[in-house]
Amino acid sequence: MNLIVTPHGAHEARLDWGEGPRRAAIGRGGIGGKRGEGDGITPVGTFALRRLLYRPDRLAAAQTGLPVLALSPDDGWCDAPVDPAYNTLVKRPYRVSSEALWRADGLYDLIVVIGFNDDPVVRGKGSAIFLHVARPTYSPTAGCVALAQADLTEVLALLGLDDTITIRL
C-alpha cells in the first residue's frame, strides 16, 4: 500500500490510502524540497514506513504490520546534525540536542517513523519526519504529517513493512 499526501492549502493536506482522503496537517513550510534541519518543510518524495512508536501508558499497542516499539519517558530523537546519532532514537538526557518523544500533549502517542534521511543519514538534511497525531486544530507541524488519532489508528491496521508514503507537491 502507498499512502498519498497531497496539499490542500498552505499548511494542510489530504492523506489517502484508498479509503477516501483524510484531513492532515503538514509542516509550517508547506511541502517541498528540504533545505535543512528546522526548515519546517514536509519533504516531497516517496519514503518507507519504518516502525511504530507508541505511548504504552496511554494506548495499547495498535494493530499493525509495522515493527512496534513502546516508548519510555526518556526516549528522544537526535536533531543535532554534528552528532553521530543524528536522526535516530536516543535516550534523554542526551549529550546534544534531541526532541522529546514522551510529550504531554498527546501528539506523539502514536508515531510512524518515515524513512526520510535515514539510508544513509546526511547531516543537516533534516530529522524526525514522522506520521503522528494532529492537534485538534490541525495547526502546522515542524515538517511531519499529522492525522486525527482515529484516522491514524485506522491506517495503522493496514500497514506493513513494504508500504510507503508519497508526499506530493
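The chain exposes about 7,400 Å², an accessible area from the Shrake-Rupley method with a 1.4 Å probe. Carbon and sulfur atoms supply 53% of that area. This is a predicted model, where local features need pLDDT of at least 70, side-chain atom pairs count only at pLDDT 80 or more, and totals for chains, interfaces and linings use all residues. Residues are numbered from 1 along each chain as its sequence is written, and side-chain values use heavy atoms, with hydrogens and water left out.

Next, burial. Buried residues, meaning those under 20% relative accessible area (1.4 Å probe, protein chains only), make up 48% of the 169 residues.

Now the overall dimensions. Along the principal axes, the C-alpha atoms fill a box of roughly 45 × 35 × 30 Å. The radius of gyration of the chain is 15 Å, which agrees with the value near 15 Å for a compact globule of 169 residues. That radius is taken over C-alpha atoms, and the globule rule is 2.2 Å times the number of residues to the power 0.38.

On to secondary structure. The chain has 1 helix and 14 strands, both being DSSP runs numbered from the N terminus (helices H or I, at least four residues; strands E, at least two).

Where is G143 found? G143 sits in the loop between β12 (130-133) and β13 (145-147). G143 is buried, with a relative accessible area of 0%. Beyond its neighbours within four places in sequence, G143 has contacts (heavy atoms within 4.5 Å) with residues including G27, G40, P43 and I129. The C-alpha atoms of G143 and Q63 are separated by 26 Å.

Key. Buried < 20%, exposed > 50% of the residue type's maximum accessible area, 1.4 Å probe, protein only.
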